[in-house]
Amino acid sequence: MDSFTPVTALIGGGMIGLASALLWIGNGRIAGISGIFGQLLPPAKTVLWRLVFLVAMIVAAFVAARLLPQIGAGGDVPAEMVGSPLWLAVAGLLVGLGTKIGSGCTSGHGVCGLARLSFRSLVAVVIFFGTAIVTVSLTGVVS
């Protein structure tokens with residue numbers, strides 16, 4: 001976290017908001033990454049725009065990391081993996097289960113839902129962040 005500054009957070013947040021707004025204005029869709037990814041699984045309805053969005057998101061992050069390393073776009077390279085691969089797999093499955101139960105993830109509820117003043121998204125975000133705080137406190141991953 002040495003590269004964190006409010007400027008990088010503002011730039012990153014602005015870019016996420018811009019991408020979400022462009023998807024909503026251009027396609028009428030909410031930029032919930034878990035929903036976009038989940039709808040790629042069979043029986044998929046509309047695959048092309050979802051693939052384009054996800055690939056563009058990955059490519060943009062790669063390009064930003066290469067072109068703008070001075071603002072921390074590349075992030076810090078972790079010296080070691082936090083937790084065992086099994087623990088990470090279980091955690092990933094729990095996140096997936098949580099997004100399924102909550103009908104969306106932090107991007108959908110946190111970025112788009114809160115911007116639309118959705119009470120359901122506010123409840124989801126409070127639960128997401130509350131669970132994250134409790135999990136970090138119990139596991140002691142962040143010291």
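What follows is a set of questions about terms, each settled by a value.

Biologist: What kind of model is this, and how are residues numbered?

Modeller: The model is predicted: local features need pLDDT of at least 70, side-chain atom pairs count only at pLDDT 80 or more, and totals for chains, interfaces and linings use all residues. Residues are numbered from 1 along each chain as its sequence is written, and side-chain values use heavy atoms, with hydrogens and water left out.

Biologist: What is the average pLDDT of the protein chain?

Modeller: The average is 81, and 86% of the residues score at least 70; pLDDT is the predictor's confidence in each residue, from 0 to 100.

Biologist: How many helices and strands are there?

Modeller: Six helices and zero strands. Helices (H or I, at least four residues) and strands (E, at least two) are DSSP runs, numbered from the N terminus.

Biologist: Why is His109 called buried?

Modeller: Buried means under 20% relative accessible area, exposed over 50%, and partly exposed in between (1.4 Å probe, protein chains only). His109 has 3%, so it is buried. His109 lies in helix α5, residues 106-115.

Biologist: What makes the pair His109 and Ser121 a polar contact?

Modeller: A polar contact is a pair of N or O atoms within 3.5 Å; within protein, one must be able to donate a hydrogen and the other to accept it, and residues adjacent in sequence count only if both atoms are side-chain atoms. The side chains of His109 and Ser121 are joined at 2.8 Å.

Biologist: Which residues of α3 are buried?

Modeller: Trp49, Arg50, Phe53, Leu54, Ala64 and Ala65. They cover an arc of only 145° around the axis, so they are on the same side of α3; the arc is that of the directions from the helix axis to the C-beta atoms. On the other side of α3, Leu48, Val52, Arg66 and Leu67 are exposed.

Biologist: Which residues make up the largest nonpolar core?

Modeller: A nonpolar core is a set of buried Ala, Val, Leu, Ile, Met, Phe, Trp, Tyr and Cys residues joined through side-chain atoms within 4.5 Å. The largest has eight: Leu23, Ala31, Ile36, Leu40, Trp49, Phe53, Leu54 and Cys112. Helix α3 gives the most to this core, three residues.
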